[in-house]
Amino acid sequence: MPQITENGQNFDVVKYFLQLLDEDKDLSSGIAAIRTLLMILEKKQFGTIHILHTTMREAVAAMRNTDLSIAAIVSAGELFCRFITLSLDDKHMEECRQIMLNRGKIFLTKLLNSRQVIAQQAQRFITDGCRILTHSRSRVVLKALITASQNKKSFHVYVTQGGTGNSGEEMVKDLHAAGIDCTLILDSATGYVMESVDFVLVGAEAVVESGGIINRIGTYTMGLCAREMKKPFYVLAESFKFSRLYPLNQRDLPNEYKYSRKHLNDVSKVHPLVDYTPPVYITLLFTDLGRLTPSAVSDELIKLYM
């Protein structure tokens with residue numbers, strides 16, 4: 001685990017990253033990664049931009065080596081480093097560092113508000129009396145549903161269990177606490193329930209260049225069912241999850257995205273944690289950049305990385 005040293009004091013990158021997530025259960029791994037990189041920028045002096053890039057890459061590599069989904073960590077880290085280092089030619093390194101710190105804080109503030117922006121984007125689609133199907137637990141989907149309820153809308157949400165763990169049960173508890181009618185269903189009941197809902201609303205761990213998404217296993221199945229039954233399939237995702245990946249199918253998605261790190265040496269007898277839902281099954285994506293069709297994602301990625 002890399003240690004950042006300043007004035008004889010060690011800063012453990014991974015420990016700080018995991019501590020952020022432990023202290024705030026609603027914090028996404030992408031935002032925690034950005035906050036960790038910003039802390040490194042505050043604590044360490046850099047002689048050159050090259051050294052800064054190397055240190056940031058090592059920090060991202062350490063964070064992705066934890067047993068968490070790496071999709072948001074990688075994309076958030078890349079976007080953060082790209083944003084803070086734009087157009088820094090002909091400036092003294094300390095001046096560059098101050099500029100990067102200011103940019104990093106602006107970047108983080110903007111992203112911290114992204115869930116609220118996305119929740120507002122989705123409001124016109126969540127109407128009185130509608131029935132919604134969602135997969136497992138998504139923080140941004142929860143925010144959109146709670147916002148709709150606070151706007152005096154009455155609706156019913158079907159929540160899948162979401163495979164192993166109790167994420168679906170946690171989502172149901174959160175919805176009940178917000179006074180929202182909901183039902184926990186088996187993942188295998190997706191097809192049965194699909195004919196009675198108005199649309200599907202899911203989150204994403206990453207949005208890839210094709211406009212497709214990487215998300216908890218079972219999302220692809222839900223997309224297939226929604227398309228077959230002609231139900232709109234909406235995705236809610238923050239822009240820091242936009243990733244420069246272009247998988248062609250499930251096998252094309254890197255194993256480190258699909259499996260726990262302890263199983264990477266032999267994945268033949270374990271199930272993947274995520275799957276890839278191609279853009280053809282997605283109706284719209286609600287993001288802090290606006291409402292996007294899947295085909296518009298590549299253009300937004302180009303703007304983000306220009």
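Select domain 1 (11-113) and domain 2 (116-303) in two colours; both give residues to the lining of the largest pocket, so this pocket lies between them. The domain bounds come from an automatic or database domain assignment. The model is predicted: local features need pLDDT of at least 70 and side-chain atom pairs count only at pLDDT 80 or more, while totals for chains, interfaces and linings use all residues. Residues are numbered from 1 along each chain as its sequence is written, and side-chain values use heavy atoms, with hydrogens and water left out.

**The largest pocket**

A pocket here is an open set of points on a 1 Å grid over the protein atoms alone, where a 1.4 Å probe fits, with protein on both sides within 12 Å along at least five of seven lines; lining residues have an atom within 4 Å of a point. The volume of the largest pocket is about 1,200 Å³, counted as the space filled by probe spheres set on the points, which are joined across faces, edges and corners. Next, select Ser69, Arg137, Arg139, Glu205 and Arg216, the closest to its centre of the 44 residues that line the largest pocket. Helices (H or I, at least four residues) and strands (E, at least two) are DSSP runs, numbered from the N terminus. Which element gives the most to the lining of the largest pocket? That is α11, with three residues.

**A salt bridge at Arg137**

The term stands for a side-chain nitrogen of Lys or Arg within 4 Å of a carboxyl oxygen of Asp or Glu. Arg137 lies in the loop between β3 and α7, and Asp26 in the loop between α1 and α2 (29-43), so the pair ties together parts that are 111 residues apart in sequence. The structure holds ten salt bridges.

**The second largest pocket**

Move to Arg57, Val60, Gly77, Glu78 and Cys81, the closest to the centre of the second largest pocket among its 13 lining residues. Its volume is about 230 Å³. Select α3 (49-64) and α4 (71-84), each of which supplies at least two residues of this lining; α3 gives the most, with six residues.

Show the seven strands of the open sheet β5-β4-β3-β6-β9-β11-β12, where the pairing is mixed. Two strands pair if DSSP finds at least two bridges between them. β5 (181-185) and β12 (290-292) stand at the edges with a single partner strand each, so one side of each has no neighbour in the sheet. Within this sheet, select β3 (residues 131-134) and β4 (residues 156-160), which run parallel and are joined by four bridges. Ile132 stands opposite Val157 in β4.

Last, select the open sheet of three strands, β7-β8-β10, with antiparallel pairing. Its edge strands are β7 (206-207) and β10 (274-277), each pairing on one side only. Four bridges join β8 to β10, and the bridge partner of Ile214 in β10 is Tyr276.
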